[in-house]
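Take a walk through this structure with the model open beside the text.

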Amino acid sequence: MSDSDDQKLADEWAAALNAQQTGEEATGGAAPAEQAEVEAFSEDASSQNKAPLSREERRKLDAIMDIPVTITMEVGHAKISIRNLLQLNQGSVIELERLAGEPLDVLVNGTLIAHGEVVVVNDKFGIRLTDVISQVERIKKLK
């Protein structure tokens, strides 16, 4: 997919999610979650009294922004013995530890970054973020 195709798809998802949240037709603007993220980033930058980024710093940041990461939505997990694993066949059911209706975990490269709920947009599954883990909390988990 080209960059313009990626952007078009991202805009389509944002518009569909915005329409689903407001119950109206999408206006084509940024999704509320995206707006909140931008506002939070602006507040973080202003609260730390940092000077605007230099051209060199922006170039370095742009290089990082294009690094691909793996994002995973985890419904739940279970531990079973190899004996039970080998007995699984079509129609088998594996009970997960998570209750029905609980939010899914959103992981980036194996690190929990948010919780969300499943949505369907244009016959494809997606996830609406319901709770984003703060950077401070993510850093605390690394220690």
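Predicted model: local features only at pLDDT ≥ 70, side-chain atom pairs only at ≥ 80, totals over all residues.

Setting aside residues up to four places away in sequence, Leu104 touches Met73, Glu74, Val75, Arg98, Ala114, His115, Gly116, Val118 and Ile127. Several of these names will come back.

Leu104 also belongs to the largest nonpolar core. This core has 5 residues: Leu104, Val106, Ile113, Ala114 and Ile127. Two elements give two or more residues to it, namely β2 and β3 (111–121).

Now look at the sheet around these residues. Four strands form an open sheet in the order β1-β2-β3-β4, and the pairing is antiparallel. At the edges lie β1 (71–74) and β4 (124–132), each of which pairs on one side only. On average, neighbouring strands are turned by 40° against each other, direction ignored. What holds such strands side by side? Strands of a sheet pair through backbone hydrogen bonds.

Take the pair β2 and β3 next. These strands pair in the antiparallel sense over 5 bridges. They also form a hairpin, with 2 residues between the strands. In that turn, Asn109 has a positive phi of about 50°. Within the pair, Asp105 stands opposite His115 in β3.

Move on to β3 and β4. They run antiparallel and are joined by 8 bridges. Here too there is a hairpin with 2 residues between the strands. Asn122 sits in this turn and has a positive phi of about 50°. Val120 stands opposite Phe125 in β4, and Gly116 stands opposite Leu129 in β4.

Is Ala114 buried or exposed? Its relative accessibility is 0%, so Ala114 counts as buried. Leaving aside neighbours within four places in sequence, Ala114 is in contact with Leu104, Asp105, Val106, Leu129, Asp131, Val132 and Ile133. One spacing is worth checking on screen. Pro103 is 11 residues from Ala114 along the chain, and their C-alpha atoms are separated by 9.5 Å.

Why does Asp105 count as buried? Its relative accessibility is 15%, and the cut-off for buried is under 20%. Which residues does Asp105 contact beyond its neighbours within four places in sequence? They are Thr72, Met73, Glu74, Arg98, Leu112, Ala114 and His115.

Two of those contacts are polar and run from side chain to side chain. The side chain of Asp105 meets that of Arg98 at 2.8 Å. It meets the side chain of His115 at 3.0 Å. His115 is the residue that Asp105 stands opposite in β3.

The link to Arg98 is also a salt bridge, with the closest N and O atoms 2.8 Å apart. Both partners are buried. Asp105 has a relative accessible area of 15%, and Arg98 has one of 17%.

How many salt bridges are there? The count comes to 4. Another of them joins Arg128 and Glu117, with the closest N and O atoms 2.6 Å apart. Arg128 lies in strand β4 and Glu117 in strand β3, so this pair ties together parts that are 11 residues apart in sequence. Some salt bridges share partners. These join Glu97, Arg98 and Asp105 into one network.

The last stop is in a helix. The side chains of Arg59 and Glu56 meet in a salt bridge, at 2.6 Å from N to O. The two residues are 3 residues apart in helix α3 (residues 55–65), so about one helical turn separates them. Glu56 is partly exposed, with a relative accessible area of 37%.

Note on methods: Residues numbered from 1 in each chain as written. Heavy atoms only, no water. Buried < 20%, exposed > 50% of the residue type's maximum accessible area, 1.4 Å probe, protein only. Polar contact = N/O pair within 3.5 Å; in protein donor to acceptor, adjacent residues only side chain to side chain. Contact = heavy atoms within 4.5 Å. Core = buried A, V, L, I, M, F, W, Y, C linked by side-chain atoms within 4.5 Å. Pairing = 2+ DSSP bridges. Axes fitted to C-alpha atoms, helices over the stretch in contact; angles between N-to-C directions.
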